[in-house]
Amino acid sequence: MISKVDLRGLICPEPVLRTKKLLDDPGVERVEALVDDDVCVNNLRRLSNTFKATTDVHQHDGFFEVVIDRAARGSSTASELTTAPSVRSAGDVAAGAGTTTVVFLAKDTFGDGDPELSRTLVNLFLQTALEAGHQPRAILMANAGVKLMAPDSPVLKVLEDFRQHGCEVLACGLCLEFYGLKEKVPKEQITNMFAICEYLFAADKVLQP
Amino acid sequence: MSTGKNDKSHKLTAKIKAAGCAAKISAGELSQIVRALSSPPCPQLLTGIDNFEDAAVYKLTDELAIVETVDFFPPVVDDPFLYGRIAAVNALSDIYAMGARPILALNVFSFPTCDYPIDVAQEILRGGAEAVSEAGATLGGGHSIQGPEPLYGLAVTGLVHPARILTNSGARAGDLLVLSKPIGTGVGLLALKAELLPDAPRQALLDNLTVLNNRCLQIALPHAIHAATDVTGFGLIGHLHEMAEASRLQVSLFAERVPLLPDTYQLAEQGFVPAGAYANRKAYESSVCFINEVETALADLLFDPQTAGGLLFALAPPEATELAGELRQAGIQASVVGEFTPGQPGLVEVIADDK
């Protein structure tokens, strides 16, 4: 059975409460709910997880449609990742199940050949990885690698694209300071050796091109 | 404590969008607003808005300072007496968080007399008066206006010795953090509104909201406290960030050691998460680093805006465990939940047990 509900205009917790009541009925396989804001969307996403259902969110003009589907479970870990807001939270970091890969860039080059070629190759590497759909848990930059975060760096765009896909893009604060870049990098992308260490040791696979 | 005799439910909370301290202006917006404020320096003002202190402290003599605070919010529960009591407990808490003793309170009250019977207003004020008198302070009057929704709280004056003020900023590296109340009131109040709380968790929530922080402070004061605050609208992580930033230290929060109100974990898991928790997450995400996997529901609770929350103390390790023990012996659910470290000032590192 499919349940369609319009929950717009209701005050929290009404939207999540009404959706919970619908899902409490095992006969309801799919709920299509219209809600006002992203607080409701996030609440319904959490609710859906406890029912082991999938969540798809479609943004319309001034409202959202949240589709909670119990039947489609198993096929949509990827869609969950792409719809997850790029919020730096434990839950979202954990959303990428399977092997966790971390990319560690300790220099601003790909290998040690001609400097100009080596810098072009870093960009090419990141572009190709992104286009191939690889989703590392984090891209970490240290030592000369932090130069990739400079305002005129050609890889800034691809790094931002990775961030939009839920990947943490972080640079060592000490290194940024050393290269005089600390003020030029967003605060939320500055990290320390402790966090870098934790990411590297927690990863199943670390790539250092 | 007496309970409200007004059993006719006027559904005080029915039209209220944000409950309690969740009704606060978000930290991000607030800092934008107050950035434009500047007042000439005043040597008597011992605290300012710079360090996000809980109250303002004004030095009268070398032995005496007054502590001033004001706090009010829309209804958090339907029972008007309990609403009044909770709002007053919450306002008085800022005085305790500065290590002071409240002496005088004034009511701050907005009420739509056309929408509710007058005895609802009486009950709200009676609930507030009960908390003021229990705190040993005097209610000296107040100010009331007609408004579109009820708002209630207090302006409170307290006294403290200028040398004994507790602020956000004195924590030292190696200090442990003692938290004196469980968290989860934002999630709990949302579930209460949804009528999803069974009797026992409901009672635990209301007890948590209505108990004054005065006994807790009395037990804590003989110890060498380096810094203190109370946990309210910015959630545990937000207030920890402010303490860490003011103390120029990093802080580790041991996620699994933070006591939670009963049922709030399951409710947060199911999406009963107030808008204020998402706003806090957004405001503080750049100041938080999650180590290991912290479940989303637990992270939501660490960001959950608290109403009438507990006190947070920073003390040297032996003193901290001693204080937590003394508080627990007095029936206060206190725990050691974190540690200050050198490192990145203001950074809150949330550490979960390795699974």
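Tyr58(B) sits in strand S1 of chain B, which covers residues 56-59; strands here are DSSP runs of E with at least two residues, helices are DSSP runs of H or I with at least four, and both are numbered from the N terminus. The model is a predicted one, in which local features need pLDDT of at least 70 and side-chain atom pairs count only at pLDDT 80 or more, while totals for chains, interfaces and linings use all residues. Residues are numbered from 1 along each chain as its sequence is written, chains are lettered from A and ligands numbered from 1 in the order in which they are written, and side-chain values use heavy atoms, with hydrogens and water left out.

With a relative accessible area of 35%, Tyr58(B) comes out as partly exposed, because buried means under 20%, exposed over 50%, and partly exposed in between (1.4 Å probe, protein chains only). Together with Leu45(B), Leu60(B) and Leu64(B), Tyr58(B) makes a nonpolar surface patch of about 330 Å². Patches are built from residues with over 30% relative accessible area and no salt bridge, joining nonpolar side chains (Val, Leu, Ile, Met, Phe, Trp, Tyr) within 5 Å and like charges within 9 Å. The areas come from the Shrake-Rupley method with a 1.4 Å probe, and for residues only the protein chains shown count as cover.

Glu32(A) is buried at 13% relative accessible area, whereas Lys4(A) is exposed at 66%. Both belong to a network of salt bridges that also links Arg30(A) and Asp69(A).

Chain B has its own bridges, one of them between Asp78(B) and Lys11(B), with the closest N and O atoms 3.7 Å apart. Again distant parts of the chain are linked: Asp78(B) is in the loop between strand S2 (65-73) and H2, Lys11(B) is in the segment before helix H1 (27-35), and the two are 67 residues apart. Asp78(B) is partly exposed at 22%, and Lys11(B) is partly exposed at 37%. Asp62(B) and Lys59(B) also form a salt bridge, at 3.3 Å, N to O. Here Asp62(B) is exposed at 54%, while Lys59(B) is partly exposed at 29%.

Most residues other than glycine have a negative phi, and most peptide bonds are trans. Glu195(B), not a glycine, has a positive phi of about 55°; its place is the loop between helix H4 (185-193) and helix H5 (199-210) of chain B, where Glu195(B) is exposed at 62% relative accessibility. Ala308(B), also not a glycine, has a positive phi of about 45° and is found in the loop between helix H10 (296-303) and strand S10 (311-315) of chain B. Ala308(B) is buried, at 1% relative accessibility. In chain A, the peptide bond joining Cys12(A) and Pro13(A) is cis, with omega about 10°. Pro13(A) lies in the loop between strand S1 (2-6) and helix H1 (14-23) of chain A.

Note on methods: A salt bridge is a side-chain nitrogen of Lys or Arg within 4 Å of a carboxyl oxygen of Asp or Glu.
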